[in-house]
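Have the model open as you read.

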Amino acid sequence: MRTNRLLEGLPPKERDRILGRCETVELEFGTTLCESGSPYRHVYFPVHGFISTVATLVNHQPLEIRLIGDEGVLGATLALGVDTVPLRAVVQGSGAAWRMAAGPFKRSLRESPALLRVLRRYLYVLLAQLTQSNGCNRFHEVEPRLARWLLLTHDRAHSDHFHLTHDFLADMLGVRRSGITIAAGELQKRELIRYVRGEIQVLDRKGLEARSCECYEAGIRDYAQVFA
Amino acid sequence: MSLSETPSPRQNHLLAALNPDVQARLFPHLERVDLPLGKVLYESGDAMRHVYFPADSIVSLLYVMESGASAEISVVGNEGLIGVALFMGGESTPSRAIVQSSGSAYRLLGQRLKDEFNRHGDLLLLMLRYTQSLITQMAQTAVCNRHHSVDQQLCRWLLLSLDRLRDNKLTMTQELIANMLGVRREGVTDAAGKLQKQGAIEYSRGHITVLDRPKLEKLSCECYAVVKKETDRLLPYLPHKAMPTSVS
């Protein structure tokens, strides 16, 4: 089975030892993997599936913070020495992932300097992503932000087709459903996507990149720079 | 600052919490610097030569867009340090660091900090936990920016600042507050005017005095309490301060 880009970055011997402590699981769309405030039971290295992390408020709709696919890991903050989950994590794209129990993962971090190094670099990417998304949420229009999220999803879905409900897109961007209807309609009119009842098809990836705000490219740049 | 305090690296709670042997190694290399209001310590993308441990100053980390617009993603005072990206292998910082409340800080060459990390001792452990508290603050700020009113955000921001000050007075220009909150200056004027009318603060020519802290807590969104509670949990070295009434 194909692995995950973070694991692929490890020396083969260390990677094999870590994979030996993992099991493969099938992530199912909509499953909540962990709730904020509870201790981590497992970490997940997505392969084909992907996961979204969500910040919740008492009286408002939640807000998507980021997507984790085969470029990342759910549970990186365990490397900070804190066992609790910072944000709720929900499966956003079905597919395979490697999973390891939190205990063996912490042991692996102690035993493998290479794993710890990769995880720290990934945490830097996470900080940069959080920083970028904060600015993006604050200042950019709905349509370029939607284009950005569709690109982030496209990168992790490994397919031109994926499923995103209207409600999910609204939470992703922190806007009303009507805002999504307008922005998605606009992207459709430009023939960049097709969007029918939650099924999205990317028709013109380059066009989507051109419509997106600066934040998509900045994210790619940060990742490439740190993992160069 | 109105209250005098003997200048010492121990004014920074993270430094104060280190083991004596770590302190003995690090403290001789710390340099006390004055941080005037509005000074930029780093632009985003800059290489980080030094890390800064605030003593009685407060530094804001801002995200800066290509258009020049900016908004605060987290605030750092005597509970932490500026430069966590260094131990993650990122040589540059993703945000702008700007002094939000003048005062002093202790700075240390980045290389010294890395040498200390590599000993895998106390400092690394504390910085890791501190990083987690920063991540919490950033995620909460994201959702707060999106869904809460400027009035609520101003309350949250004042309370976070207050926790890092020794008294209840803050010197700030309206423009700086507007850059923190990512809103127009008029938005800040309106919000501050309302708080003043309700007797929560006194505001004149860049000087803010907090008169009624419980009222600010009541008017703030939940985000202040969430961040405060998580920071206190993650950083047990912080001196005990009264918890906001809403989370006790």
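## A sheet in chain A

Strands β9(A) and β10(A) (residues 199-202) of chain A run antiparallel and are joined by 4 bridges. Strands, numbered from the N terminus, are DSSP runs of E with at least two residues, and helices are runs of H or I with at least four; two strands pair if DSSP finds at least two bridges between them. Within this part of the model, A:Ile193 sits opposite A:Val202 of β10(A).

This is a predicted model: local features need pLDDT of at least 70, side-chain atom pairs count only at pLDDT 80 or more, and totals for chains, interfaces and linings use all residues. Residues are numbered from 1 along each chain as its sequence is written, while chains are lettered from A and ligands numbered from 1 in the order in which they are written.

The open sheet has 3 strands in the order β8-β10-β9 (chain A), with antiparallel pairing. Because β8 and β9 of chain A each have a single partner strand, one side of each is left without a neighbour in the sheet.

| Edge strand | Residues |
|---|---|
| β8, chain A | 161-163 |
| β9, chain A | 193-196 |

From one strand to the next, the twist averages 20°. Helix α5 (residues 142-157) of chain A packs on the sheet, and its direction makes about 85° with that of β10(A). Angles run from 0 to 180 degrees between N-to-C directions, with axes fitted to C-alpha atoms, for helices over the stretch in contact.

## Two helices in chain B

The axes of α5 (residues 150-162) and α7 (residues 185-197) of chain B come within 9 Å and cross at roughly 70°.

Notes
Two residues are in contact if their C-beta atoms, placed from the backbone, lie within 7 Å.
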